[in-house]
Amino acid sequence: MDFRLTEEQRALRDGTRELLAKRFGRERLRAAVDAPGLDRALWRELGGAGFFALRLPERAGGVGLGLPEAVLVLEEAGRALLPGPLVACQLLAGAVDGVAAGERIVALCEAERDPVLWEHPGDCDELILVEGGAGRGGAGPGGGSGDGPGGALRGAQGRTGGACRSAADRIARAPFTSLDPLTPLARVTDLRRTAPLALDVPRLRREAALLTAAQQLGSAVRTVEMAVGHAREREQFGVPIGTFQAIKHLCAQMLVRAEIARSAVYAAAVTERADEVTAAKLLADEAAVRNARDCLQVHGGMGFTWDVDVHLHLKRAWLRAERWGSAREAEELLADGLLA
Amino acid sequence: MDLTYSPEEEDFRARLRTWLGEVLPGLPPKPAARDWPGRRAYDTAWQRMLFDAGYAGLHWPRDAGGQGATPTQHLIFLEETERAGAPYVGANFVGLLHAGPTLAAEGSPGQRARWLPPILRGDDVWCQGFSEPDAGSDLAALRTRAVRDGDSYVVSGAKIWTSHAEVADWCELLVRTDPDVPRHRGISWLAMPMDAPGVTVRPLRTLAGSTEFAEVFLDEVRIPVGNRVGAENDGWRVTMVTLSFERGTAFVGEVVACRRVLGALARAARANGRWDDDVLRRTLGRLNAEFAALWRLTQWNVSEAQHGGGVPGTGGSVFKLRYSHARQELYDAAAEVLGAGALDADHEWVADRLSSLSYTIAAGTSQIQKNIVAERVLGLPKGR
Ligand SMILES: Cc1cc2nc3c(=O)[nH]c(=O)nc-3n(C[C@H](O)[C@H](O)[C@H](O)COP(=O)(O)OP(=O)(O)OC[C@H]3O[C@@H](n4cnc5c(N)ncnc54)[C@H](O)[C@@H]3O)c2cc1C
């Protein structure tokens, strides 16, 4: 057993961090806040760098790496607050043409959510709907009104879950004001199936949860750095605020949360066990959300402004926490696991 | 990142499992929680069995009498013994988990030859005389004086919260050997025989009703200079080595135990109907994630230690902070499951709930651990 990152894994992580710092630095991030359309050139560049094709076998033009590597890359994306349906494109790179190269952008949406939400509706070429297979007994607690898109599909495909693809222009949608300025959302009101997509849906959900958790981890680590950086610089009472224990203890707790989440996320990437993925998502959601809140507190009034990035981390963390298994669902699943 | 164990490691696990399966059924019944002499006898007898089977001081270096096992093998040892319900280190805690490793790392060859084998055989029990009535979190404020007189130090002062003092043979004792220099620089680390004239042990009753720790009064106790480990006045550095062992590896086996208890809680809750309580059920589910992650964090720390020279790093503080709180939450949840049964002091979970209260205090309080993480890991400025 050696749980540390390998040389190659560290190089991948560092390389990704450099690429994102160069192509999606602070200025680009703030520009994206003002104009949240996805940058197609950047998307293609990421595709060219193997960002999406990471796990495709080499003979299929991929990089031939595994889930742990995908986790490291998405951790970096989370750290940089890189917007876009990154998880969807990572998971569908082998299933939908053009996605691996960054030529086409696809999003995933979960049918049993209420409302059914679609990320980046203005930038996607296609939407993939997944239904069933979540929660305790297969299908989740219903797609809302019952005649929504989830309802129709659940009858046909039952508990094991299925997926279908829809061209973006064939989806009926209602406007929805997204809490996260970097992630525009639309509410799907009717989704006509263009074609079923052969996917292992339980596996897709598991991996989507894990990769989402990886982004949460990256965000949680980043907000510790932001808090510590601010605590070293900002002075009150004639000394840096980081001298005060109240601030130190907030920062220490943030680090502990991030490290606990890291252990859980990395282990789940290695074992791919459903229970570990569920635990990892739960702990990473907590780390991202609570670290962002504490980071805001450490920043004082400045933290409450639009100009400081803390709110962007918090809003994205809230958004991700709602996707691929909420805290309530995770806790219930893990409770059931204790009796198994 | 590799979480699989190598064939040698699996082989080691299998042998250990077989051995545990053979010897555990023949063990005498556990002594009562409050019977310290009984517990000493029980714990040291178990240590002797480990010694005879070649499992004593598994992760200690070979030249210290250990087996030279890797941290990973040690992890497997802790996991398997706990899973099999083998006795806990108990009275041997200080000797095996921090005094011994400190002696192995810092002692002279003669000191190692003298003190390490009896720890491994279960002949000698050690205790830790660091804390004093006026020096707890602020350990460097300790005042117990040691004045050189020929070949001896003459030691006077008082120690407190000394676990197992009642039944210990030796004490790792911190004393002030130079009162005139900055406080961290005038401390020395001594091995003191507990039966030396002038040593008085007064057991203190804990909130759990046991006499697990004691006050130790030192009245002109003569300790040979040869019992000093490390140079005179260099005791603070030696102490940091001791503390890193104490925080780094000492709680590892307990995580496995907590996972076992969590499963038992869930089954008990289902049997008595409390499983229908959403809040309780979700708490148990959350704790499942918590202990799973703590176990993975342990593997992470062990992997780091295995490649970082053997002395555990600050990962120990991160672990201890989270674990101590998780353990308290676990036994609070147990009380929820037990209902009015949580008022039965003889119930194992209730006794453990009481003892869990010490986890955020002993071995450095949570507040002190947070200071350590903030200052030494995150690099925030020193302050008050
Ligand atoms: C069960 C048990 C077993 C023990 N066994 C041993 C043993 O075998 N040998 C041994 O030497 N010691 C032992 N201890 C002592 C233990 O290490 C101390 O209790 C601990 O370090 C705290 O010191 P204190 O009790 O003097 O509390 P204090 O230091 O007086 O602390 C009181 C409160 O003040 C807080 N505080 C203190 N300083 C600061 C600060 N700078 N910033 C923020 N908060 C602060 C603490 O966190 C705590 O909440 C044991 C303790 C327990 C409970």
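## Legends to close-up views of cavities, ligand site and loops

**Figure 1. Elements around the second largest cavity of the predicted model.** In chain A, helix 5 (86-92), strand 1 (106-110), helix 7 (201-233) and helix 10 (310-322) each contribute at least two residues to the lining of the second largest cavity. The structure shown in this and the following views is a predicted model. The volume of the second largest cavity is about 220 Å³. Its lining consists of 19 residues, and those nearest the centre are Gly84(A), Val87(A), Glu119(A), Gln215(A) and Arg323(A). By residue class, the lining of this second largest cavity comprises 10 nonpolar, five polar and four charged residues.

**Figure 2. The largest cavity and the residues at its centre.** Four cavities of 30 Å³ or more are found when the whole structure is searched, and the largest of them holds about 360 Å³ of space. The largest cavity is lined by 25 residues, of which His74(B), Phe77(B), Leu78(B), Thr81(B) and Val89(B) are the closest to its centre. Two or more lining residues are given by each of helix 2 (36-52), helix 3 (71-83), helix 4 (93-106) and helix 7 (252-272) of chain B. Helix 3 of chain B provides the largest share of this lining, with five residues.

Figure 3. In chain B, both domain 1 (7-88) and domain 3 (251-377) contribute to the lining of the largest cavity, each with at least three residues.

**Figure 4. The ligand site, with residues from chains A and B.** The ligand is surrounded by residues of chains A and B, and the site is therefore shared between chains. The shell has 19 residues, and the nearest to the ligand are Gln245(A), Gln128(B), Ser137(B), Trp161(B) and Thr365(B). Among the elements of chain B, strand 3 (152-163) and helix 11 (366-377) each give at least two residues to the shell. At the level of domains, at least three shell residues come from each of domain 2 (127-232) and domain 3 (251-377) of chain B. The shell around the ligand is made up of seven nonpolar residues, 11 polar residues and one charged residue.

Figure 5. On its own, the ligand has 970 Å² of accessible area, of which the protein covers 67%.

**Figure 6. A cis peptide bond in chain A.** Asp114(A) and Pro115(A) are joined by a cis peptide bond, with omega at about 0 degrees. Pro115(A) belongs to the loop that runs between strand 1 and strand 2 (117-119) of chain A.

**Figure 7. A positive phi angle at Phe237(A).** Although Phe237(A) is not a glycine, its phi is positive, at about 55 degrees. In chain A, the loop between strand 8 (235-236) and strand 9 (239-240) contains Phe237(A).

Methods:
Residues are numbered from 1 along each chain as its sequence is written. Chains are lettered from A and ligands numbered from 1 in the order in which they are written. This is a predicted model: local features need pLDDT of at least 70, side-chain atom pairs count only at pLDDT 80 or more; totals for chains, interfaces and linings use all residues. Side-chain values use heavy atoms; hydrogens and water are left out. On a 1 Å grid over the protein atoms alone, a cavity is a set of points where a 1.4 Å probe fits but cannot get out, and a pocket is an open set with protein on both sides within 12 Å along at least five of seven lines; lining residues have an atom within 4 Å of a point. Grid points are joined across faces, edges and corners, and a volume is the space filled by probe spheres set on the points. Helices (H or I, at least four residues) and strands (E, at least two) are DSSP runs, numbered from the N terminus. Domain bounds come from an automatic or database domain assignment. Ala, Val, Leu, Ile, Met, Phe, Trp, Tyr, Cys and Pro count as nonpolar, Asp, Glu, Lys and Arg as charged, and the others, Gly among them, as polar. A residue is near a molecule or strand if one of its heavy atoms lies within 4 Å of it. Accessible areas come from the Shrake-Rupley method with a 1.4 Å probe; for residues, only the protein chains shown count as cover.
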